[in-house]
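Reader: Hi! Could you walk me through this one?
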Amino acid sequence: MTYLSLKTDSLAHGLHGAAQAIAEVRAGTALPQALSRIFADADMTPQARGAIQDLSYLSMRKLGLADGLLALLADKPPQPAVLHGLLTCALSLLLDEDDPAYDAFTVVNQAVEAAAADADMRHAKGVVNAILRRFLRERATLLPQVEKTPPGAWNYPTWWIDRLKAAYPAQWQAILQAGNAPPPLTLRVNRRKSTVPDYLHLLAAHGIGARQIGPDAVRLDQPAPVAQIPGFADGLVSVQDAAAQLAAPLLDVRDGMHVLDACAAPGGKTGHLLECADLDLVALDHDPRRLRRIDDNLQRLQLSAQLKAGDARNGKDWWDGKPFDRILADVPCTASGIVRRHPDIRWLRRKTDTVQLATLSAQILDNLWQMLKPGGKLLLVTCSLWPQESEDQAAAFAQRNHAVRLSAPGQLLPTASVESDHDGLFYALFQKTGP
Ligand SMILES: C[S@@+](CC[C@H](N)C(=O)[O-])C[C@H]1O[C@@H](n2cnc3c(N)ncnc32)[C@H](O)[C@@H]1O
């Protein structure tokens, strides 16, 4: 798609790009993939990319409300999908009356321009104008109607809200709220190259406000692009959520150990393990393209591992038979604990995904257990809030394999307070006693 008649610095251009991204998410594509396809357009400036990204992420956080409004404002779901996306995005921008990013009539005019510039939507520019203006006139009656529905109130699918209520009767509202907040930028200080106090001084010298929120974790007061983060290119720090930074210390790695990082890409935890000790580390992932990202990360950190493409459900193509002292099993999951970073996930997932992913993870765990030395430790990690993928999985695994359960944080709920700010991850640590 080209944007021949839209100026790249206009809101109309941003709305049009975001409309395409929203349409792709509705068709089942993850937002980052949808955006990288849209960004491949030759006319796209860095500013235009930033605007489209911001508008798309905002729309994902408002999709339940915007869709509820559209159901009242339009006789039938707008077609084609890009028109639906355009209206969703424009409505998302109009929702915040107290601190609007743009004046309401600018939003309406620019949405009409975006429709007019696209041959697939040109016929509907009058509809765009009419729907958005009607919303502005009738917002006081329309909004309360939609906010009465669970998706309108929380901006999550109803099944997601119901499942959280069942699993966390006291915390479900706080969890939903945390998932709608913009995520912080948290760094992991590379202990081979610096310390948290020294790095905080370096940030202060660059005028960047930050505070320590974990043993190696520093949260910036304001997120910034990595190119502006002092020492990032030289491997002084990596971007990693504070909860994810618990994995390497929990595995208690020591120099000389033979370690498997079984679902390793893009290598966030691989890098941390190698920062903690001199290891003989195998980093495995079944996706060869994602494996390349581990390589990029390790090169930046000047660390090395054996990178292997293979299936963690069996070792026949990649394991040499030498048992491991430690195994990190950061298994594939629904990612329901990291929705503040990936607000598209809630709309992409289906209720039944949990069962499929939990079955896959159980197969991975049972196989990895055979590769662990007696006395060795295996750490199960998920970024899920669903017990089926986390506590239930850990309990069933321990029972099947007679694994000893060691102390670990269990389910961490997402939180964003002054001292503590992290995603929703789950940790269970096991030790092998017999052969
Ligand atoms: C949660 S991500 C891992 C994140 C990574 N540990 C980190 O900290 O950066 C899960 C990974 O498991 C990989 N994966 C999924 N199924 C797999 C399988 N059967 N065998 C090996 N890797 C698999 C995915 O490609 C994905 O990269």
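Author: Happy to; we can go through sheets, salt bridges and the ligand. This is a predicted model: local features need pLDDT of at least 70, side-chain atom pairs count only at pLDDT 80 or more, and totals for chains, interfaces and linings use all residues. Residues are numbered from 1 along each chain as its sequence is written, and side-chain values use heavy atoms, with hydrogens and water left out.

Reader: Great. What is the strand order in the open sheet of seven strands?
Author: The order is S7-S6-S5-S8-S9-S13-S10, with mixed pairing. Strands pair here if DSSP finds at least two bridges between them. Helices (H or I, at least four residues) and strands (E, at least two) are DSSP runs, numbered from the N terminus.

Reader: And which are the edge strands?
Author: S7 (306–309) and S10 (404–411), each of which pairs on one side only. From one strand to the next, the twist averages 15 degrees. For angles, axes are lines fitted to C-alpha atoms, for helices over the stretch in contact, and values run from 0 to 180 degrees between N-to-C directions.

Reader: Which helix packs on that sheet?
Author: Helix H16 (residues 391–401) does, touching S9, S10 and S13 (426–431). Its direction makes about 10 degrees with that of S13. Contact means heavy atoms within 4.5 Å.

Reader: How many bridges join S8 to S9?
Author: Six, between S8 (residues 324–330) and S9 (residues 372–382), and the two run parallel. Asp-330 stands opposite Val-381 in S9.

Reader: What does Asp-330 form a salt bridge with?
Author: With Lys-269, the closest N and O atoms being 2.6 Å apart. A salt bridge here is a side-chain nitrogen of Lys or Arg within 4 Å of a carboxyl oxygen of Asp or Glu. Lys-269 sits in helix H12 (residues 268–276) and Asp-330 in strand S8, 61 residues apart.

Reader: Are those two buried or exposed?
Author: Both Lys-269 and Asp-330 are buried. Buried means under 20% relative accessible area, exposed over 50%, and partly exposed in between (1.4 Å probe, protein chains only).

Reader: Switching to the ligand: how many residues surround it?
Author: 18 residues, and Asp-330 is among the closest, along with Asp-285, Arg-290, Asp-311 and Ala-312. Near means that a heavy atom of the residue lies within 4 Å.

Reader: Where does Lys-269 come in?
Author: An N or O atom in the side chain of Lys-269 is 3.0 Å from a ligand oxygen atom. For Asp-285, a side-chain N or O atom is 2.6 Å from an oxygen atom of the ligand. Gly-267 uses a backbone N or O atom, at 3.3 Å from a ligand oxygen.

Reader: Back to salt bridges. How many are there in the whole structure?
Author: A search finds 24. One of them joins Asp-216 and Arg-191 (3.0 Å, N to O). Asp-216 is buried at 10% relative accessible area, whereas Arg-191, at 41%, counts as partly exposed.

Reader: What about Arg-340?
Author: Arg-340 forms a salt bridge with Asp-241, with 3.3 Å between the closest N and O atoms. Arg-340 and Asp-241 are buried.

Reader: Last one: what is the strand order in the open sheet of four strands?
Author: S2-S3-S1-S4, with antiparallel pairing. The edge strands are S2 and S4, and the twist averages 30 degrees from one strand to the next. S1 and S3 pair over three bridges, and Arg-188 has Ala-217 in S3 as its bridge partner.

Key. Polar contact = N/O pair within 3.5 Å; in protein donor to acceptor, adjacent residues only side chain to side chain.
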